[in-house]
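Please keep the 3D view open while reading, and find each element as it is named.

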Amino acid sequence: MPAHPGYEVVIGLEVHAQMRTQSKIFCGCSTRFGAEPNTQICPVCAAFPGVLPVLNQDAVNMAIRTGLAISGTINLHSEFSRKNYFYPDLPAGFQITQYELPIVSKGVLHIPTDGGEERSIGITRIHMEVDAGKNLHEGIAGASWVDLNRTGVPLMEIVSEPDLRSAAEAGEYLKKLRSIVRYLDVCDGNMEEGSFRCDANVSVRPRGQQVFGTRCELKNLNSIRNVMRAIDHEAERHIDVLETGGQIVQETRLWDAEKEVTRSMRGKEEAHDYRYFPEPDLPPLTITPERIAIQAAALPELPDARRDRFQTRYGLSSYDAEVLTASRDVANFFEEVVGTTNNPKTAANWVSVELLGLLNKEGKEITASPVTAQALGQLIGLVGQGTLSGKMAKQVFTSMFATGDPAEKIIAAQGLQQVSDSGTLEALVERVLTGNPQEVAQYRAGKTKLLGFFVGQIMKETQGQANPAMVNKLLKDKLAE
């Protein structure tokens, strides 16, 4: 947040989400990421003269489901337009998009605030459009390559109202929206690969003023962290300009993540600059109520509903439920662990702290976890049975993550089974107390903190493998005699 208390930041976000269709929006070319440049193109997406687009119905269904998930209005009649501009990676010289009549209008997204409450952020519209290609600036001196593989990949542009008031709120909005599209399986949400891209419109105004200030659009934002940093920087830049008597120029600016500054890219275009007109090769899109009902029936349990269920059904805290439901794969993994252990709170701790901690460190998704949900559930069960102490279980878990081996194999190989035999532990307690008569006398005289000393001696003799609960009880019983 800008430090100046006299100003309010106003933020609107435009998110471009690549839909997870198998083929492009107007042709049959593959949408697979990472292919060799210009190997996934055809006359349609390369804009050869005389070709005609054919609308991908899977893309339409994904847009409908996304609109339903944000409580938007699915428009029964929508139209495509041509948005004219000239970039090297846009072979047609125009982008097929939806302008005046989008497929979805008037949605809402609920985000958490620092105070623990929720704010409602309006969503103006969701419209479908084609993606452009990609300019590659390495490999040839003094020139750039153009890769058209991405040209024609279906996009949803999700446009928020200017309801966000801080970089932190913008971050929460993006996290929630990315979680929803991932739950719906309509977009993989990968900002690094460009399949979930965000432009931010930022302005400031004197606090209490209703009229919006002049906005600037920020581009080149390839992570939620960079979105937040860029917004904070840009808001501070606006305030500095206004405080020194200057005026904000409406423009598009690029975020330089290394220098942590924005720099001017071009003057901000208005709608008339693009010379929109109806797309002559595509008829209006008509959607029936029956089609909407079919897509509504296909909706999965969404993040907010799943979070609430985790709290009521499993007794989890709001924080734990939020962490575990942010990703559909994490939520599924957790529920599979619970199905194995029937111990939700312990399972939540192991998944959210131990497993996600190691996965984040390795840069892996939970789908690539070397420890399966069943294997983690079995480990938790061994702790509950007294076979392992909590400390030993963490040691075993680290080995499981490194090797993929089950807990039983690691326990057997490393000799880590917890000592829980009462006869063995009683003999150890007797030996320790007999060998430390002075400490026994001090304990019985009221210095009860010495219990930790006795526990430590037994753990030393068993190399930490004695059952701590049993050791504590046996020591207290014996010292009370």
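The crossing of helix 6 and helix 8 is left-handed, and this, like everything else described here, is read from a predicted model. Helix 6 covers residues 318-325 and helix 8 covers residues 344-362, and the two pack at an angle of about 60 degrees with their axes 10 Å apart.

**Helix 6 with helix 8**

- Angles of 65 to 115 degrees count as roughly perpendicular and those under 35 degrees as roughly parallel, so at about 60 degrees helix 6 and helix 8 are oblique to each other.
- On the side of helix 6, the residues that take part are Asp320, Val323 and Leu324, and they meet Ala348, Val351, Ser352 and Leu356 in helix 8.
- Sorted by class, the residues of this contact between helix 6 and helix 8 comprise five nonpolar, one polar and one charged.

**Helix 10 with helix 11**

- Helix 10 (residues 390-403) and helix 11 (residues 407-414) have axes that come within 9 Å of each other and that cross at roughly 115 degrees, which means that helix 10 is roughly perpendicular to helix 11.
- The crossing of this pair, helix 10 and helix 11, is right-handed.
- Helix 10 contributes Gln395, Val396, Ser399, Met400 and Thr403 to the contact, while helix 11 contributes Ala407, Ile410, Ile411 and Gln414.
- Five nonpolar and four polar residues make up the contact of helix 10 with helix 11, and no charged residues take part in it.

**Helix 14 with helix 15**

- An angle of about 125 degrees separates the directions of helix 14 (residues 451-461) and helix 15 (residues 468-479), whose axes lie 10 Å apart, and helix 14 is therefore oblique to helix 15.
- Where helix 14 passes helix 15, the crossing is right-handed.
- From helix 14 the contact takes Leu451, Phe454, Val455, Ile458 and Met459, and from helix 15 it takes Pro468, Val471, Asn472, Leu475, Lys476 and Leu479.
- The residues of the contact between helix 14 and helix 15 divide into nine nonpolar, one polar and one charged.

**The second largest pocket**

- The second largest pocket holds about 1,300 Å³ of space, and its lining consists of 37 residues, with Arg178, Arg182, Ala326, Ser327 and Glu365 lying nearest its centre.
- Which helix gives the most to the lining of the second largest pocket? Helix 2 does, with six residues.
- Helix 6 and helix 8, whose packing was described above, are among the helices that each supply at least two residues of this lining, and the others are helix 2 (167-184), helix 3 (224-243), helix 5 (303-314) and helix 7 (328-341).
- Divided by class, the lining of the second largest pocket has 18 charged, 11 nonpolar and eight polar residues.

How values were computed. Residues are numbered from 1 along each chain as its sequence is written. This is a predicted model: local features need pLDDT of at least 70, side-chain atom pairs count only at pLDDT 80 or more; totals for chains, interfaces and linings use all residues. Side-chain values use heavy atoms; hydrogens and water are left out. Axes are lines fitted to C-alpha atoms, for helices over the stretch in contact, and angles run from 0 to 180 degrees between N-to-C directions. Helices (H or I, at least four residues) and strands (E, at least two) are DSSP runs, numbered from the N terminus. Angles under 35 degrees count as roughly parallel, over 145 as roughly antiparallel, 65 to 115 as roughly perpendicular and the rest as oblique. A crossing is left-handed if the near helix is turned anticlockwise from the far one by less than a right angle, and right-handed if clockwise. Contact means heavy atoms within 4.5 Å. Ala, Val, Leu, Ile, Met, Phe, Trp, Tyr, Cys and Pro count as nonpolar, Asp, Glu, Lys and Arg as charged, and the others, Gly among them, as polar. On a 1 Å grid over the protein atoms alone, a cavity is a set of points where a 1.4 Å probe fits but cannot get out, and a pocket is an open set with protein on both sides within 12 Å along at least five of seven lines; lining residues have an atom within 4 Å of a point. Grid points are joined across faces, edges and corners, and a volume is the space filled by probe spheres set on the points.
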